[in-house]
Structures are given as C-alpha cells and as structure tokens.
Amino acid sequence: MAPLDATYQGYRVGIWRSMLGVVSLLIVSAAPNLPVFFVGWTLAGLAMAATFYQPAFAALTRWWAPNHVRALTIVTLAGGLASTVFAPLTAALTDHLSWRHTYLVLAAILAAVTIPAHALALRAPWPDAPTSPANAAEGAAKVGRSRPFLLLAAAFTLSSFAMYAVVVALVPLLLERGYTTSQAAWALGIGGAGQTLGRTLYAALARRTTATTRTTILIALGGLTTAAFAAAPGPYGLLIAVAIVAGMVRGNLTLLQATAITDRWGATHYGRLSGLLAAPATTAAALAPFAGAALAVPLGGYEPLFFLLALVSVAAALITPWTGSAAVRRLPPF
C-alpha cells in the first residue's frame with residue numbers, strides 16, 4: 001500500500017506545482033502594481049523549486065540507481081533545450097505582443113505541456129532506499145557536517161553564483177557592445193543547445209575521471225568561458241562559439257551536481273543530502289542576477305563584471321580538490 005500512496009502523492013503534487021506555475025505567470029501578466037508583481041514572482045519561485053531539476057534528480061536517482069546517469073542525462077538533454085527554444089520565442093513574442101500578453105502565452109504553453117505530463121508520468125512505484133554497506137556507511141547528518149561535504153557545498157555555491165550571473169548578464173553585455181536584442185537572445189538561446197550537446201559527453205568524462213577531478217575541471221572551464229566572454233567583444237560568430245562552449249560546460253555542471261552525492265556517499269540519503277547541497281547554491285543562483293546588475297555599475301560595465309565572475313569560478317575550482325570522500329569513484333558505463 002505504501003508504494004501506491006507514494007505514487008499517488010507524486011503525481012498529485014506534480015499537477016499542483018505545475019498549476020502554481022501557471023497561476024504565478026497569470027498574476028505577473030495582470031499585476032496592476034509592483035507589490036502584486038513581486039507576489040507573482042514569489043509564487044513562480046516556489047513553483048520552480050518544485051518543478052525544476054532537483055526534485056526530478058531525487059526521483060530519478062531513487063527509481064534508477066545505480067544506473068541513474070542514463071535517466072538523468074535524458075531528462076537534462078530535454079531541459080537543456082529550454083533556453084534554445086524559449087529565449088528566441090520570448091523575444092519574438094515581445095516583438096509582436098505586449099509583455100503582459102507574452103506572459104499569457106507562456107502560461108498557456110506551461111499549462112498545456114506540464115500539467116498533462118505530471119498527470120501521466122509520475123505514477124511509477126517508489127522503491128525502497130538502497131541498503132548496501134557502501135551506501136549506508138554514514139548517516140545523512142554525519143555526512144552533512146563533514147569537511148568534504150561543506151567544501152563541496154561552498155564550491156557549488158560559488159560556481160552557481162558565477163554561472164547564473166553570467167547567464168542573466170549575457171544579454172546586457174551584448175547590448176552594451178551594440179548588438180541587437182534578437183542577436184543577444186540568440187546568443188543566450190544557443191547556449192541551451194550547447195548544454196544539450198555537453199550532456200551527451202558527460203558519461204564518457206565520468207568513466208575516465210574521478211568525481212573530484214571532473215568537479216575541478218568543469219568548474220575551472222566555467223571560469224575560462226566566462227573570461228572568454230569578457231575578452232572577446234566580437235565578431236558575433238566568435239561570441240556564438242563561446243556561447244556554445246559555455247553551454248556545454250553548464251550542461252556538464254548540471255549532471256555533475258546531480259551525481260555529486262551518489263559519487264561520494266551513495267544513494268541511500270540522496271534526497272536529504274541533495275537538498276542540503278542545493279540549498280546554498282540555489283540561494284546564490286537566485287541572488288546572482290541582482291548582485292551582478294548591482295556590481296556592474298561600480299565596476300564600470302558588464303565586461304569587468306564577467307572578469308570578476310571568472311575569478312569567482314576559479315576560487316570555486318581551487319576548493320574542489322578537498323571535496324572527495326573514501327567513496328569517490330568513477331561512474332560505471334550506462
């Protein structure tokens with residue numbers, strides 16, 4: 001009876017969180033003043049926390065561990081196309097509609113796609129947690145207080161701050177350099193295609209490196225691509241190439257974070273440890289757009305901001321060699 005109850009709650013919660021996302025966009029589109037606008041975005045944040053990658057990662061890891069990388073890759077391949085599709089689409093909608101009507105169209109798309117998907121797809125039974133000695137060696141509380149875990153959380157927090165600040169600041173950076181809104185939107189969107197491409201390469205990288213090594217490599221590459229945006233004002237084709245490479249790195253970083261717990265401490269306490277690991281990183285990602293915009297003013301523009309964000313990623317990469325545990329390993333073929 002317990003698995004049936006868990007399954008039932010899963011799809012019911014999925015439907016409600018999708019509906020909350022739709023309602024939030026409707027409130028934003030109809031907001032008569034700034035406080036109501038903020039309320040709409042607060043509700044949108046709650047919906048995003050319930051529908052984005054972290055809840056899906058927890059479910060997929062429980063359903064498919066120890067061969068969960070395949071499932072995670074498939075989901076993130078689809079998710080990586082979000083900006084590729086919706087950044088240009090949103091730019092096109094705003095060329096023909098008001099911003100309020102643009103949000104109405106996006107709310108309709110969200111309702112038509114996600115509500116039926118949650119109703120039909122979240123019905124698999126919830127399996128028991130793995131109980132192998134390797135996975136059960138340490139309790140979640142002990143792991144959460146350990147030095148490797150805390151350093152890993154710090155590295156992901158710094159990396160997430162830099163990554164999300166870059167994503168949001170890329171458009172104003174290109175506008176500052178004289179590119180059009182459509183060109184900036186395409187550069188942002190093409191990064192999503194890069195994410196999809198990058199995620200197809202993660203399994204091969206994982207088979208050839210330990211979790212600690214690939215964490216260091218990928219976060220450092222994030223800093224390198226950020227510096228490349230700052231150092232290369234053009235031509236536009238070069239910026240598109242940098243956007244694709246940066247997207248590939250971001251795509252791998254998503255899977256890196258999704259597998260960071262299982263690589264080091266197994267899947268037994270994945271949900272709790274993943275939540276603890278994601279909380280500061282998600283907070284940093286939420287603050288990054290505001291902080292980036294605020295820092296751009298005293299720094300004298302978005303180009304020096306990108307150099308600063310590159311240094312933040314470098315600082316995160318320097319932390320990662322100390323984030324290993326006794327269980328750090330290579331992922332098996334999938």
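Let's start with Ala281, which sits in helix H14 (helices, H or I with at least four residues, and strands, E with at least two, are DSSP runs numbered from the N terminus). Keep in mind that this is a predicted model, where local features need pLDDT of at least 70, side-chain atom pairs count only at pLDDT 80 or more, and totals for chains, interfaces and linings use all residues. Residues are numbered from 1 along each chain as its sequence is written, and side-chain values use heavy atoms, with hydrogens and water left out.

**Ala281 and its contacts**

- Ala281 counts as buried because its relative accessibility is 4% (buried means under 20% relative accessible area, exposed over 50%, and partly exposed in between, with a 1.4 Å probe and protein chains only).
- Setting aside residues up to four places away in sequence, Ala281 touches Phe156, Thr157 and Ser160 (a contact means heavy atoms within 4.5 Å).
- From Ala281 to Ala155 it's 126 residues in sequence, yet 8.8 Å in space, C-alpha to C-alpha.

**The nonpolar patch**

- Leu295, Leu299, Leu308 and Leu311 make up a nonpolar patch on the surface, and together they have about 310 Å² of accessible area.
- Patches take residues with over 30% relative accessible area and no salt bridge, joining like charges within 9 Å and nonpolar side chains (Val, Leu, Ile, Met, Phe, Trp, Tyr) within 5 Å.
- The areas themselves come from the Shrake-Rupley method with a 1.4 Å probe, and for residues only the protein chains shown count as cover.
- Leu295 belongs to helix H14, and its 32% relative accessibility makes Leu295 partly exposed.

**The salt bridges**

- The count comes to two salt bridges, each being a side-chain nitrogen of Lys or Arg within 4 Å of a carboxyl oxygen of Asp or Glu.
- Glu303 pairs up with Arg177, with 3.2 Å between the closest N and O atoms.
- That pair links distant parts of the chain, 126 residues apart: Glu303 is in helix H15, while Arg177 is in the loop between helix H9 (147–176) and helix H10 (181–199).
- Glu303 is partly exposed at 34% relative accessible area, and Arg177 is partly exposed too, at 21%.
- Asp263 forms a salt bridge with Arg214, where the closest N and O atoms are 2.8 Å apart.
- Asp263 lies in helix H13 (residues 236–265) and Arg214 in helix H12 (residues 211–231), so this pair ties together parts that are 49 residues apart in sequence.
- Asp263 is buried at 1% relative accessibility, and Arg214 is buried with a relative accessible area of 0%.
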